Amino acid sequence: MFDTLKSRIYQGNQFIKDIKNAPMREQFRGLPKLCKQNCTECKKCLSICPTGALSLEPFSIDMGKCTFCGACKNICKHGAIDFTNFYKLSSTKRENLIIKENMTPQEYEKTAIEVRKEIKRVFKKSLKLRQVSAAGCNGCEMELNACSNVNFDMGRFGIDFVASPRHADGLVITGPISENMAYALEDCYKSTPDPKIVILCGSCAISGGVFQNSDKLNREFLDKYPIDLYIPGCPVHPLTFINGVLGFISDK
Amino acid sequence: MNWIKTKNNTKINLNEIPSLDIDTLRDEIIKLNKRPVGFFGKEWGEGSTRLFVILADDENSDLYVSSCIFDADEKGYESLTQTIPSFHVFEREFYEQFGIKPLNHPWLKPLRSHKKEYKFFEMEGEEVHQVAVGPIHAGVIEPGHFRFMCNGETVYHLEIMLGYQNRGVEKLMVEYPTNQLAESICGDSVIAHNLAYSKVMECLKDVKVSKRAQLIRTMALEMERAAIHIGDLGAIAGDIAYLMGASVFGATRTLVINTMLEFSGSRFGRGLINVGGVNFDIDNEKIERATKTLTKVEKDVDRMVKTMLKNSSVMSRLEKTGTVSTEKALEIGLVGMAARACGVNLDSRFDFADECFKSLALPRKLFKGKGDVNSRFKLRYQETMESLSIAKRILDMLKNGYKEEVLNTEQNALSANSMAISIVEGWRGEVVHIALTDMNANLSRYKIKDPSFNNWYGLALAVRNNGVSDFPLCNKSFNLSYCGNDL
């Protein structure tokens with residue numbers, strides 16, 4: 001027992017105190033930064049992008065499709081494309097995820113999440129989520145698990161993952177939604193009591209990502225039911241997830 | 001010549017592969033009696049199907065390749081599983097994909113497709129009952145359906161029905177082959193799958209990779225192994241309600257994956273490996289910081305594992321839980337970490353070592369495993385420490401030399417009419433990627449074998465005669481991939 005206590009003291013406190021302003025390593029690829037002036041329209045970036053997230057007319061990157069692999073940045077010799085380490089990428093509207101030229105982190109943060117009064121009133125203090133992996137590759141799943149570890153400690157904000165949809169206030173969907181998971185996902189949604197929210201987590205869930213051309217998907221669920229929050233990433237970083245959900249349910 | 005002998009990461013001409021009739025091939029497979037690593041079909045024109053078989057001779061690092069052609073009207077053959085059980089899952093897959101039936105197969109159930117009804121084994125008796133779990137599980141994990149046949153608390157048999165994650169990866173790989181897709185085959189083995197993909201492509205394109213890039217790749221693979229093993233040590237601790245372990249290992253894993261973030265911009269190493277080398281070089285400042293971090297990780301893991309294993313309540317949960325015997329492991333063809341924990345000496349890092357790994361001249365440490373959760377826990381600990389020390393050694397080599405370009409961008413087109421096989425030892429076990437090209441030098445078939453494909457049946461055997469409440473513990477000690485199996 002003394003060894004256990006010693007280990008505990010040795011470890012100290014590891015949680016990130018200010019999660020909203022937590023520092024991020026500069027290598028992290030977050031919000032894209034585009035500079036049309038530098039673009040020579042060589043179209044190399046278009047051909048290398050694995051998901052077709054880039055567009056030249058108008059010059060933009062769709063974060064809902066982007067895998068944040070950085071291939072476009074690496075191939076562009078003129079510096080037209082860059083990624084900042086800004087990690088608060090979540091948005092309540094799908095079209096906000098399309099980043100055009102000269103979008104700054106400050107501007108994006110202001111407009112991305114539209115806070116709704118009724119959501120704030122109901123879920124501000126406690127939000128219990130049921131995660132459904134609908135053909136997710138286990139990348140987003142591991143990062144969502146990391147949200148609850150001692151570093152990020154999401155539970156302190158009242159946000160938790162629960163075992164049953166009956167106990168949940170909403171669904172978090174990861175993965176491109178395979179044909180074989182379509183029924184289970186819809187069943188899970190119907191088992192969740194109202195009022196409920198739906199969060200799409202990761203490029204695969206938002207757009208199909210690298211699997212968008214697969215014939216084994218069935219994404220009808222997304223046409224049938226409203227989506228409340230889009231959290232881009234491949235996989236989603238825990239700080240992106242926590243800040244996205246916090247932004248959605250609390251004041252700021 | 002009934003077989004063509006080849007090596008790992010070597011290109012062979014499709015015309016050189018012998019084409020036998022199925023009865024001869026079947027006899028040859030039984031006579032050779034080696035481990036299957038590939039058993040897959042390909043459409044071969046006019047409704048016929050060509051079956052490729054690849055067997056591994058681990059002692060001599062050789063791969064044996066042969067094939068046979070089924071005409072459009074040939075719809076069955078005598079199954080191999082009756083004689084060699086480790087073929088069971090390969091034959092199920094072949095049947096599901098091409099409709100050619102292995103006759104007298106003992107459990108010819110669907111593997112991934114949900115179009116046919118899955119008939120579970122049934123048990124009858126007064127105390128007997130079934131427990132059905134999934135596809136959506138209690139935690140944040142991937143989907144799969146488990147059916148336990150129990151007598152009271154004791155599990156008699158577990159059936160695992162998968163396929164929920166099926167995304168058609170093999171077909172996508174032929175149509176849109178990219179590193180990013182390879183990384184998403186299985187998101188916890190990003191480096192292993194991407195490395196196998198890149199090596200196959202480099203083989204087919206005759207691309208040379210600089211020594212520095214090879215070293216960075218090897219280091220990334222070992223860091224991935226260490227990170228996942230540490231995370232799983234934490235998960236095992238969590239499943240036996242030793243929360244101290246769960247917290248400490250969780251925090252320690254963060255240090256490793258954040259170092260990976262510094263190297264590649266992603267916590268799991270996405271975007272690091274590319275066909276032709278690696279996308280990011282590592283400068284000396286990062287090397288020093290990483291070496292310091294990894295040294296701290298070594299110390300923390302060592303300390304926590306020792307504290308944990310001194311605790312008798314921990315030991316009582318780990319020992320003799322979820323045992324798979326060495327004979328059973330060999331019979332059903334377990335691979336990788338799960339096999340080593342059962343005392344089967346398989347490690348493709350050594351068995352099919354690439355140039356870079358050979359040059360490190362590492363000693364092969366044998367693990368005397370008993371096949372229980374305790375063995376898998378201790379093996380993970382041993383491998384974590386080994387991997388961290390290999391990673392540190394490579395960092396040291398990178399600091400002092402090998403100043404080269406890390407990415408070779410001059411690349412030829414794919415070779416026509418060829419096949420290449422690449423085996424990479426990911427943290428779970430051997431990741432096998434096989435690519436075939438046609439006359440016009442386009443990819444025509446891409447076959448992926450994740451170690452989970454072999455190992456799921458091992459988990460089913462492990463929980464027999466255990467309490468049903470020990471299932472999560474057994475499951476976590478294997479930590480198999482659903483999407484790696486379902487593709």
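This is a predicted model: local features need pLDDT of at least 70, side-chain atom pairs count only at pLDDT 80 or more; totals for chains, interfaces and linings use all residues.
A residue counts as buried when its relative accessible area is under 20%. Six of the eight residues of α16(B) are buried, so the helix is mostly covered. The buried ones are B:F471, B:L473, B:C474, B:N475, B:S477 and B:F478.

## Chain B as a whole

Let us step back and look at the chain that holds this helix. Chain B contains 17 helices and 16 strands. Along its principal axes, the C-alpha trace of chain B spans about 70 × 65 × 35 Å. For 487 residues, a compact globule would have a radius of gyration near 23 Å, and the 22 Å of chain B agrees with that.

How much of chain B is buried? Of its 487 residues, 64% count as buried. Chain B exposes about 17700 Å², and 49% of this area is supplied by carbon and sulfur atoms. Sequence separation is also worth a look: among contacts in chain B between residues at least 6 apart in sequence, 68% join residues at least 24 apart.

## The largest pocket

Now for the empty spaces. Rolling a probe the size of a water molecule over the atoms shows where empty space is left. The largest pocket holds about 1300 Å³ of space. Its lining has 42 residues, and those nearest the centre are A:N145, B:V140, B:I141, B:A235 and B:K476. By class, the lining divides into 20 nonpolar, 14 polar and eight charged residues.

Which elements line the largest pocket? From chain A, β6 (127–133), α6 (139–147) and β7 (159–161) each supply at least two residues. From chain B, the elements that do so are β9 (128–133), β10 (145–151), α6 (211–239), α7 (243–264) and α16 (471–478). The largest share, seven residues, comes from α6(B).

The whole structure has nine cavities of 30 Å³ or more. The largest cavity holds about 270 Å³ of space. It is lined by 20 residues, and B:H88, B:R92, B:Y118, B:I160 and B:Y457 are the closest to its centre. In chain B, α2 (88–98), β11 (154–161) and α15 (451–462) each supply at least two residues of this lining. The lining of the largest cavity is made up of 13 nonpolar, four polar and three charged residues.

The second largest cavity has a volume of about 170 Å³. Of the 17 residues that line this second cavity, A:F28, A:C234, A:P235, B:G265 and B:S266 lie nearest the centre. The classes in its lining are seven nonpolar, six polar and four charged residues.

## Cis peptide bonds in chain A

A:P235 sits in the loop between β10 (229–231) and α10 (238–249) of chain A. Another cis peptide bond joins A:D194 and A:P195, where omega is about -10°. A:P195 belongs to the loop between α7 (179–191) and β9 (197–201) of chain A.

## Two residues of chain A to find

A:T67 lies in the loop between β3 (59–62) and α3 (71–75) of chain A. Is A:T67 buried or exposed? A:T67 counts as buried because its relative accessibility is 8%.

A:R8 is part of helix α1 (residues 2–11) of chain A. With a relative accessible area of 41%, A:R8 is partly exposed. Not counting residues up to four places away in sequence, A:R8 touches A:N13 and B:M244.

## Positive phi in two loops

Finally, return to chain B for two residues that are not glycine but have a positive phi. B:K320 has a phi of about 60° and lies in the loop between α9 (312–318) and α10 (326–332). B:K320 is exposed, with a relative accessible area of 73%.

For B:A361, phi is near 50°. B:A361 is found in the loop between α13 (355–360) and α14 (373–400) of chain B, and this residue is exposed, with a relative accessible area of 61%.

Methods. Residues are numbered from 1 along each chain as its sequence is written. Chains are lettered from A and ligands numbered from 1 in the order in which they are written. Side-chain values use heavy atoms; hydrogens and water are left out. On a 1 Å grid over the protein atoms alone, a cavity is a set of points where a 1.4 Å probe fits but cannot get out, and a pocket is an open set with protein on both sides within 12 Å along at least five of seven lines; lining residues have an atom within 4 Å of a point. Grid points are joined across faces, edges and corners, and a volume is the space filled by probe spheres set on the points. Helices (H or I, at least four residues) and strands (E, at least two) are DSSP runs, numbered from the N terminus. Ala, Val, Leu, Ile, Met, Phe, Trp, Tyr, Cys and Pro count as nonpolar, Asp, Glu, Lys and Arg as charged, and the others, Gly among them, as polar. The radius of gyration is taken over C-alpha atoms; the globule rule is 2.2 Å times the number of residues to the power 0.38. Buried means under 20% relative accessible area, exposed over 50%, partly exposed in between (1.4 Å probe, protein chains only). Contact means heavy atoms within 4.5 Å. Accessible areas come from the Shrake-Rupley method with a 1.4 Å probe; for residues, only the protein chains shown count as cover.
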